Amino acid sequence: MTTPIPAKPLPVYLQIAELLARRIKAGHWREDERLPTEAELSTQLNVAVGTLRKSLALLAKQGVVERIQGSGTYVKKAAGTGQIYELFRLELNSGPGLPTALILDVSLELRPADVPAFGNGRSTHAWRVRRLRSLSHVPVALEEIWFNGDHVQNLSVHTLGDSMYLFYQENFGIWIARVEDRISVDTAPMWACPPFGISPGQPTGFIERVSRTSTNEVAEFSQTWFDPSMCCYSSRLSQ
């Protein structure tokens with residue numbers, strides 16, 4: 001593939017819900033703090049009030065916020081919520097942003113030796129997806145994602161969405177239960193290209209991730225090269 005293709009976006013109400021959840025998790029609003037009014041939020045986010053209400057209703061259902069009639073919407077105690085981007089750790093240096101993706105290449109390959117075996121370990125092939133990641137339309141990272149080649153024989157780039165984990169759920173019935181990240185430094189891969197701001201061979205931040213199902217099977221292996229001048233890796237713990 002030579003022409004990058006935008007990944008299939010989430011519905012707008014889901015985009016807004018994810019963005020608000022990422023802001024809450026980053027501490028933009030504290031526990032028990034009231035969010036701005038619906039009119040203020042809809043103006044800030046440039047969405048219709050009806051769309052915003054649908055987003056807030058979803059967050060309330062997921063236990064992220066509590067809506068009190070006549071009073072407003074309040075942040076609830078942080079907990080695992082099942083948000084689509086709950087395991088997405090990159091944030092803009094200026095704060096959280098909504099992740100989107102531009103697909104650079106999709107191909108079925110012999111599984112390289114440095115890519116762990118998937119599922120029952122018998123698959124000899126794996127799908128490789130290369131993407132440019134942006135946060136709120138700012139290019140921040142390159143991704144190379146590998147998953148089991150036995151899941152599908154033919155893969156159309158137009159079926160791939162911004163969230164690969166959601167893609168696995170909807171198409172293969174696979175849920176990612178936990179991830180293992182190794183963070184270091186590396187150099188941008190030879191396939192790096194604009195608008196990513198780092199040229200091939202130049203230093204980058206680097207994340208190697210193994211994603212597993214609840215039965216501990218490897219579902220995905222990925223490598224991410226990120227631009228530390230634009231974003232950072234963030235992981236928050238609370239008790």
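Two strands are taken to pair if DSSP finds at least two bridges between them. Strands (E, at least two residues) and helices (H or I, at least four) are DSSP runs, numbered from the N terminus. The model is predicted: local features need pLDDT of at least 70, side-chain atom pairs count only at pLDDT 80 or more, and totals for chains, interfaces and linings use all residues. Residues are numbered from 1 along each chain as its sequence is written, and side-chain values use heavy atoms, with hydrogens and water left out.

Seven strands make up an open sheet with antiparallel pairing, in the order 1-5-6-7-10-9-8. Its edges are strand 1 (5-6) and strand 8 (178-187), each of which pairs on one side only. Strands of a sheet pair through backbone hydrogen bonds, either parallel or antiparallel.

| Antiparallel pair | Bridges | Facing residues |
|---|---|---|
| Strand 6 and strand 7 | 10 bridges | R133 and A141 |
| Strand 7 and strand 10 | seven bridges | F147 and E220 |
| Strand 8 and strand 9 | 10 bridges | I183 and I207 |

Strand 6 and strand 7 form a hairpin with two residues between them. In that turn, S136 has a positive phi of about 50 degrees. Strand 7 is largely enclosed by the rest of the structure, because nine of its 11 residues are buried (under 20% relative accessible area, with a 1.4 Å probe and protein chains only; exposed means over 50%, and partly exposed in between).

Helix 4 (residues 164-172) lies across strand 6 (125-135), strand 7 (138-148), strand 8, strand 9 and strand 10 (218-226). Helix 4 runs at about 35 degrees to strand 7. Axes here are lines fitted to C-alpha atoms, for helices over the stretch in contact, and angles run from 0 to 180 degrees between N-to-C directions.

Helix 1 and helix 3 pack with their axes 8 Å apart, at an angle of about 55 degrees. The contact (heavy atoms within 4.5 Å) involves V12, Y13, L14, I16, A17, L20 and A21 of helix 1. From helix 3, the residues in this contact are T51, L52, K54, S55, L56, L58 and L59.

Helix 2 (residues 38-45) has L41, S42 and L45 as its buried residues. They lie on the same side of helix 2, because they cover an arc of only 100 degrees around the axis (taken from the directions from the helix axis to the C-beta atoms). Helix 1 (12-25) and helix 3 (49-61) are among the elements that cover these buried residues. T43 and Q44, on the other side of helix 2, are exposed. Just after helix 2, N46 takes a positive phi of about 60 degrees.

**The loop residue K8**

K8 is located in the loop between strand 1 and helix 1. With 44% relative accessibility, K8 counts as partly exposed. Leaving aside residues up to four places away in sequence, K8 touches H158, T159, L160, G161 and D162. The C-alpha atoms of K8 and S235 are separated by 27 Å, and the two residues are 227 residues apart along the chain.
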